[in-house]
Amino acid sequence: MNILFATSEAVPLAKTGGLADVAGALPKALNKRGVDVRVVLPKYEDIAEQYLAYFETIAEFQVSFGWRNQYCGLQRGTIDGVTYYLIDNELYFKRRGLYGYGDDAERFVFFSFAVMEAVRYMDFHPNIVHCNDWQTGLIPFLLRTRYAFDPAWAYTKSVFTIHNLKYQGIFGIDLLKELTGAGDDLFVAESLEFYGAASCMKGGLVYADKLTTVSESYAQEIQTPYYGENLDSLLRYRAGDLVGIVNGIDEDLYDPMNDMALHTPYRNSISRKRKNKVDLQAELGLPQSSSIPLIGIVSRLVEQKGFDLIAATIDEVLEEDVQLVVLGAGETHYEQLFADVARRHPEKAVVWHGYSERMARRVYAGSDIFAMPSKFEPCGLSQLLALRYRSVPIVRETGGLKDTVQAYNEYTGEGNGFSFSNYNAHDYLYTVKRALACYNDEETWKKIVENGSRGDYSWDVSAKAYLNMYAQLLAHRKENERWPVIS
Ligand code: ADP
Ligand code: GLC
């Protein structure tokens, strides 16, 4: 089974969030099960030299889209058993960072067309092209329209995974018409049109053969108006083709027993874990104490992650005997909020502004409690990483948080974290206080940490679910379809 996994980011090459973790770990897990999954992504300037050394250029060609005609280099490399293809065009991708440019529409329309052309040079015929989020949403659309009868894509099916329905790649109709060269008939409500604009995500949602998202709860939630981002009716219409498969984490890559960023390796020993807390406190200039509970946050600083609840309660939380470490970057008002909190409570709160893989690992290891009270959360990997590093998550019961964190129940002794249901600051505050009370009871805390350590957060189960979904999709091939012969 040949799968081409198209993504705008993948560990270890380029990462802004959880999509990169998934695109790094899932192909690896599938390859172990005998599938040939290859990953294609843009060649960003941010990709480290050490990885570029694995790549060689295998083709150079022109990509024409709309009236444009652009150079494309195709590079191939194998890292850790996975073959990656990089789409090289310096005009679009030789820039700092991955997204947020005024010409993102053009950059990712180019990327989508470049992937469509690149298969001619790969010596690899995908049975399925697996696309992820809006940046690759136009690939299923192109497969069914402009490339519908192209032998390079004969009999290829498409899967579109929603990692976050909020980011849709919405642009003016005129712009997308010009970029794709598609006619008026494709900018209607049944196709790419979305409330008077054009949506790249709809390219995936309307045209992909199968839709998936990254937890069962989120798959249900997005069919409702509250979570549906104005796409809930389309998602209800396609409910029969939509499945939720929860993400896992790469347990080799994130292993507190074997992590260069940590002071003391550990697995289940709370006292060894706490040596990492003291080391983190020392580095960040907090009073050093292994017993004081430390709450960690590692996150994009955006509304999604529940920062309004955190903002509303932060002074009350910091009245407790507690420390807070925040690692993140994002919206200015949240950056300012935490800078202000750290200024007002220098003995208790530190904010590390920016993106740092090393610091993220140190916060997962150094924290006792991990706060993630998201407004919505398709899956969330941070709470899984926290559990892997024996930091107890506090979450709101939504999406993947609901599916992976079970609230501690003092009567049965079950549960790996703390949770609350309504998006409400008082409920969050009450839950934090309850977690702190449990922390102060050594036996209870040991039990909760132990419960977390028993969970399986690997890709084992979910890789099988993807495999079954792929197999089901290919089983639906029509009788008269034949596999093309690649010479
Ligand atoms: P999302 O993809 O919505 O941002 P996830 O929880 O799925 O949320 O994944 C976030 C990933 O990004 C995790 O691997 C987390 O450790 C990482 N991350 C988030 N913010 C930072 C940061 N400031 N520095 C380093 N890693 C970060
Ligand atoms: C998105 C979601 C996050 C999910 C990640 C990987 O960024 O916000 O919940 O874990 O994608 O699927």
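Analyst: We begin with contacts: two residues are in contact when they have heavy atoms within 4.5 Å. The model before us is a predicted one. In the protein chain, 72% of the contacts with a separation of 6 or more are accounted for by residues 24 or more positions apart.

User: Which secondary structure elements does the protein chain have, and how many?

Analyst: The protein chain has 18 helices and 18 strands. Its radius of gyration is 23 Å, close to the 23 Å that the globule rule gives for 487 residues, so the chain is as compact as a globular protein of that length. The C-alpha trace spans about 65 × 45 × 40 Å along its principal axes.

User: How should I read burial, and what percentage of the residues is buried?

Analyst: A residue counts as buried when its relative accessible area is under 20%. Of the 487 residues in the protein chain, 60% are buried. The accessible surface of the chain comes to about 19,700 Å², and carbon and sulfur atoms contribute 48% of that area.

User: How many charged side chains are there, positive and negative?

Analyst: The protein chain carries 50 positive and 64 negative side chains, and the centres of these two sets lie 3 Å apart.

User: Into which domains is the chain divided?

Analyst: Domain 1 comprises 2-248 + 461-475, while domain 2 covers 270-455. The C-alpha centres of domain 1 and domain 2 are 33 Å apart. Where the domains meet, 20 residues of domain 1 are in contact with 19 residues of domain 2.

Notes: Residues numbered from 1 in each chain as written. Chains lettered and ligands numbered in written order. Predicted model: local features only at pLDDT ≥ 70, side-chain atom pairs only at ≥ 80, totals over all residues. Heavy atoms only, no water. Helix = DSSP H or I, 4+ residues; strand = E, 2+ residues; numbered from the N terminus. Rg over C-alpha atoms; globule rule 2.2 N^0.38 Å. Buried < 20%, exposed > 50% of the residue type's maximum accessible area, 1.4 Å probe, protein only. Areas by Shrake-Rupley, 256 points an atom, 1.4 Å probe, with all protein chains shown as cover. Lys, Arg positive; Asp, Glu negative; His and termini not counted. Charge placed at Lys NZ, Arg CZ, Asp CG, Glu CD. Domains from an automatic or database assignment.
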